[in-house]
Amino acid sequence: MMFRREWLEFAGGFNCRYHQAPDVDLVLRLALMGCEATWVRQTTVCYRQHEANASHNTPLQTSECQVVLERVFARPNLPDQIRQLERQARYTNLVWSAWRLYFTGHLAEMASYLEKSLSATPDCPTETVLGWINYFQKYSQEYGDEFDARSLSNSHEWQQLTATLF
């Protein structure tokens, strides 16, 4: 994502209160301020991933993302067009968070986030579960990883979660 440096300064930079989600907070604040940005389609930097990455602290990462969204949607002066996106934003964030937790081996937390996402989806249980699997596959591909639906479906946490739905 690319935007003018002046916007970064105007927004006050990154919020150091967040250790895992300062970028999410910054982007949402910039969007609410009306910052114009564009996506750069070509790869300009690479992100080295390894087991010691701070981003592997997914329980903290996902909880901070939830806090950031809470703060955004708690704003009393939030424009109606943004407020109308709340349900979808929460759903998408919960499912992405669940995938990150699954990806890093936090299956109990994954199931908890998927269960929370049920309150934000208009779909029936079957469509919801298929949606989760599609999102997991999409996110895995974006990270250059193979998604193993069989492994997920054989996990105790997944079986327990889906048993409550059907």
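Let me begin with E86, which is partly exposed at a relative accessible area of 21%. On this scale, buried means under 20% relative accessible area, exposed means over 50%, and partly exposed lies in between, with a 1.4 Å probe and protein chains only. This is a predicted model, in which local features need pLDDT of at least 70 and side-chain atom pairs count only at pLDDT 80 or more, while totals for chains, interfaces and linings use all residues. Residues are numbered from 1 along each chain as its sequence is written, and side-chain values use heavy atoms, with hydrogens and water left out.

The partner of E86 is R83, and the closest N and O atoms of this salt bridge are 3.9 Å apart. The term denotes a side-chain nitrogen of Lys or Arg within 4 Å of a carboxyl oxygen of Asp or Glu. R83 is partly exposed, at 30%. Through shared partners, salt bridges join E70, R83, E86 and R90 into one network.

Helices here are DSSP runs of H or I with at least four residues, numbered from the N terminus. R90 is buried at 18%, whereas E70 is partly exposed at 44%.

I turn now to helix α2 (residues 22–33), where R29 and D25 stand four residues apart, about one helical turn. Their side chains meet in a salt bridge of 2.8 Å, N to O. R29 is buried at 16% relative accessibility, and D25 is buried at 6%.

In total, the count is five salt bridges.

Note on methods
Helices (H or I, at least four residues) and strands (E, at least two) are DSSP runs, numbered from the N terminus.
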